Amino acid sequence: MSANNRRIRRVIVDLLWEHGPQTRNQLADLLLKERGIREVPSDTSLSSLLSKNVQIESVGNVRVENINGTSTWHMAFDIRRDLITEKEHIIYTRPPSCMTGSQRKKTQRCAECGRNRLFPPDSTACFICE
């Protein structure tokens, strides 16, 4: 995966934390305004990035009215609010494929689930298993 996709996946989670549930088009608009993003991914690429991230889930459908007056239903995405209740939890639930290099060096293998995760301070299991 390119470094740009990793950066976009991290930014998407932060944007969803700040703005709440969003459709792909709304996320693309937010990514346009975000600094550090060179180019916004296409609709298909954005859909792929959203589906591959374990921190993001589909929360339903939103009716969107098109320019010509017809309305369609678009999926709305949000972070897993049952798991991520504070901004600090985002780092501990992030998969290694989205982490920065320094974060990836600090990962440990969880004894319960067997996944490589960044552990919270003074913890023996990953945040998801706790």
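This is a short chat about a predicted model of one protein.

Visitor: What am I looking at, and how many helices and strands are there?
Guide: This is a predicted model. The secondary structure comes to 5 helices and 5 strands.

Visitor: In what order do the elements run?
Guide: From the N terminus on, the order is α-β-α-α-β-β-α-α-β-β.

Visitor: What box do the C-alpha atoms fill?
Guide: Taken along the principal axes, the box is roughly 55 × 30 × 20 Å.

Visitor: And how much of the protein counts as buried?
Guide: The protein has 130 residues, and 37% of them count as buried.

Visitor: What share of the contacts comes from residues 24 or more positions apart?
Guide: Take the contacts with a separation of 6 or more. Residues 24 or more positions apart account for 47% of those.

Visitor: Let's do the sheet. Which strands form it, and in what order?
Guide: The open sheet has 3 strands, in the order β1-β3-β2. Their pairing is antiparallel.

Visitor: Which strands stand at the edges?
Guide: β1 (22-23) and β2 (56-65) do. Each has a single partner strand, so one side of each is left without a neighbour in the sheet.

Visitor: How many bridges join β2 and β3?
Guide: There are 9 bridges, in the antiparallel sense. Strand β3 covers residues 71-79.

Visitor: Give me some partners. What does E65 stand opposite?
Guide: E65 stands opposite S71 in β3. V64 has T72 as its bridge partner, also in β3.

Visitor: What sits between the two strands of that hairpin?
Guide: The hairpin of β2 and β3 has 5 residues between the strands. G69 takes a positive phi there, near 100 degrees.

Visitor: Which strands does helix α1 touch?
Guide: Helix α1 (residues 3-19) packs on the sheet and touches β1, β2 and β3. The direction of α1 makes about 100 degrees with that of β3.

Visitor: Helices next. How do α1 and α3 cross?
Guide: Their axes come within 10 Å and cross at roughly 70 degrees. That makes α1 roughly perpendicular to α3.

Visitor: Is the crossing left-handed or right-handed?
Guide: α1 passes α3 in a right-handed crossing.

Visitor: Which residues meet there?
Guide: On the α1 side, N5, I8, R9 and I12. On the α3 side, they meet L46, L49, L50 and K52.

Visitor: What about α2 and α3, at what angle do they cross?
Guide: Roughly 100 degrees, with the axes coming within 10 Å. α2 and α3 are therefore roughly perpendicular to each other.

Visitor: Who meets whom in that pair?
Guide: From α2 come R24, N25, L27, A28 and L31. They meet D43, L46, S47 and L50 in α3.

Visitor: Switching to charges. How many salt bridges does the search find?
Guide: A search of the whole structure finds 4 salt bridges. Side chains of opposite charge can pair when their charged atoms come close.

Visitor: Which residue pairs with R24?
Guide: D43 does, and the closest N and O atoms are 2.9 Å apart. R24 is in helix α2 (residues 24-33), while D43 is in helix α3 (residues 43-52). The two are 19 residues apart, and the pair links distant parts of the chain.

Visitor: What does R81 pair with?
Guide: R81 forms a salt bridge with D78, the closest N and O atoms being 3.0 Å apart. D78 is buried, with a relative accessible area of 6%. R81 is partly exposed, at 32%.

Visitor: Why does D78 count as buried?
Guide: Buried means under 20% relative accessible area, and D78 has 6%, so D78 falls in that class.

Visitor: One more bridge. Which residue meets D82?
Guide: R80, at 4.0 Å from N to O. D82 is exposed, with a relative accessible area of 60%. R80 counts as partly exposed, at 27%.

Visitor: Last one: where is H89, and what does it touch?
Guide: H89 is found in helix α4 (residues 89-93). Leaving out residues up to four places away in sequence, H89 touches L83, I84 and F127. H89 counts as buried, at 13% relative accessibility.

Methods:
Residues are numbered from 1 along each chain as its sequence is written. This is a predicted model: local features need pLDDT of at least 70, side-chain atom pairs count only at pLDDT 80 or more; totals for chains, interfaces and linings use all residues. Side-chain values use heavy atoms; hydrogens and water are left out. A salt bridge is a side-chain nitrogen of Lys or Arg within 4 Å of a carboxyl oxygen of Asp or Glu. Helices (H or I, at least four residues) and strands (E, at least two) are DSSP runs, numbered from the N terminus. Buried means under 20% relative accessible area, exposed over 50%, partly exposed in between (1.4 Å probe, protein chains only). Two strands pair if DSSP finds at least two bridges between them. Contact means heavy atoms within 4.5 Å. Axes are lines fitted to C-alpha atoms, for helices over the stretch in contact, and angles run from 0 to 180 degrees between N-to-C directions. Angles under 35 degrees count as roughly parallel, over 145 as roughly antiparallel, 65 to 115 as roughly perpendicular and the rest as oblique. A crossing is left-handed if the near helix is turned anticlockwise from the far one by less than a right angle, and right-handed if clockwise.
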